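Trainee: Can we go through this one together? I'd like to start with the strands.

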Amino acid sequence: MPLRVRTRPGPRPHEVTVERVAEGRYGPSGPGSDHLAVHEDTLDQGLLGLADAILRYGEADDPRIGPPREWAAATLARYPNCSLAAFVSGPDTCEVLLREWGFVRLTSPSLDPAAAASALFAQLDGAAVPRPLRPLPPMELTVRTGGASHPVLVSPVP
């Protein structure tokens, strides 16, 4: 199901608040920036052309899909308006290709990896890191969602 995502920078560097709601008539309200996150298997394939972030869930070694980096590169090539392709390969990990920043791995012991990808998108979209800095340097984000704080480790993948 497509998600409307609202993000806000936190009071400290590398801190982002994320609020996600199912795409529909109403999105999250309040201050912040919005983006559209869509699973690649969405029933409404037209939404993929509008998505800021395209998500896939699966095993990183699935021979039908190919490695996460190849899937992500093909996805960004197919959808030129998309800024981020995230391959969620486990309950605490995803590999993300950012059009302007390169390929990274996100890990968090307590946060949905798709929410972590949205937080990274917001962090970079806010130009907290000089553009374009490749590879993106390792960093730790603090993501606030649902009243809890979650650490997210961002690691560049060569």
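Trainee: What stands opposite Arg105 in strand 9?
Mentor: Ser155 does. Keep in mind that this is a predicted model.

Trainee: And which residue in strand 9 is the bridge partner of Thr107?
Mentor: Leu153. Strand 7, residues 102-107, pairs with strand 9, residues 148-156.

Trainee: Is that pairing parallel or antiparallel, and over how many bridges?
Mentor: Antiparallel, over 4 bridges. Strand 9 also pairs with strand 8, residues 139-145, in the antiparallel sense over 7 bridges. There, Thr142 stands opposite Pro151.

Trainee: How many residues are between strand 8 and strand 9?
Mentor: The hairpin they form has 2 residues between them. Gly146 sits in the turn, with a positive phi of about 60 degrees.

Trainee: What do the strands build overall?
Mentor: A closed barrel of 9 strands. The order is 1-2-8-9-7-6-5-4-3, and the pairing is mixed. On average, neighbouring strands are turned by 30 degrees against each other, direction ignored.

Trainee: Where does helix 1 pack?
Mentor: On the sheet. Helix 1, residues 68-78, touches strand 4, strand 5, strand 6 and strand 7. Its direction makes about 150 degrees with that of strand 5.

Trainee: New topic. How many residues are in the largest nonpolar core?
Mentor: It has 32 residues. Val96, Leu106 and Leu120 have the most contacts inside it. Helix 2, residues 113-125, gives the largest share, 9 residues.

Trainee: Why would nonpolar side chains be buried together?
Mentor: In soluble globular proteins, they tend to be.

Trainee: What does Val96 touch?
Mentor: Among others, Leu84, Phe103, Leu106 and Ala117, leaving out residues up to four places away in sequence. Apart from this core lies another, of 16 residues, including Val38 and Phe87.

Trainee: Switching to charges. How many salt bridges does the structure hold?
Mentor: 7. In one of them, the side chains of Arg20 and Asp112 meet at 2.9 Å, N to O.

Trainee: What does that pair tie together?
Mentor: Arg20 lies in strand 2 and Asp112 in the loop between strand 7 and helix 2, so the pair ties together parts 92 residues apart in sequence. Arg20 is partly exposed at 31% relative accessibility, and Asp112 is partly exposed at 27%.

Trainee: And Arg64, what does it form a salt bridge with?
Mentor: Asp62, with the closest N and O atoms 2.6 Å apart. Arg64 is exposed, at 74% relative accessible area, whereas Asp62 is buried, at 12%.

Trainee: Which residues do salt bridges with shared partners join into one network?
Mentor: Arg12, Glu15 and Arg144. Glu15 is buried, at 4% relative accessible area.

Terms used: Residues are numbered from 1 along each chain as its sequence is written. This is a predicted model: local features need pLDDT of at least 70, side-chain atom pairs count only at pLDDT 80 or more; totals for chains, interfaces and linings use all residues. Side-chain values use heavy atoms; hydrogens and water are left out. A nonpolar core is a set of buried Ala, Val, Leu, Ile, Met, Phe, Trp, Tyr and Cys residues joined through side-chain atoms within 4.5 Å. Buried means under 20% relative accessible area, exposed over 50%, partly exposed in between (1.4 Å probe, protein chains only). Contact means heavy atoms within 4.5 Å. Two strands pair if DSSP finds at least two bridges between them. Axes are lines fitted to C-alpha atoms, for helices over the stretch in contact, and angles run from 0 to 180 degrees between N-to-C directions. A salt bridge is a side-chain nitrogen of Lys or Arg within 4 Å of a carboxyl oxygen of Asp or Glu.
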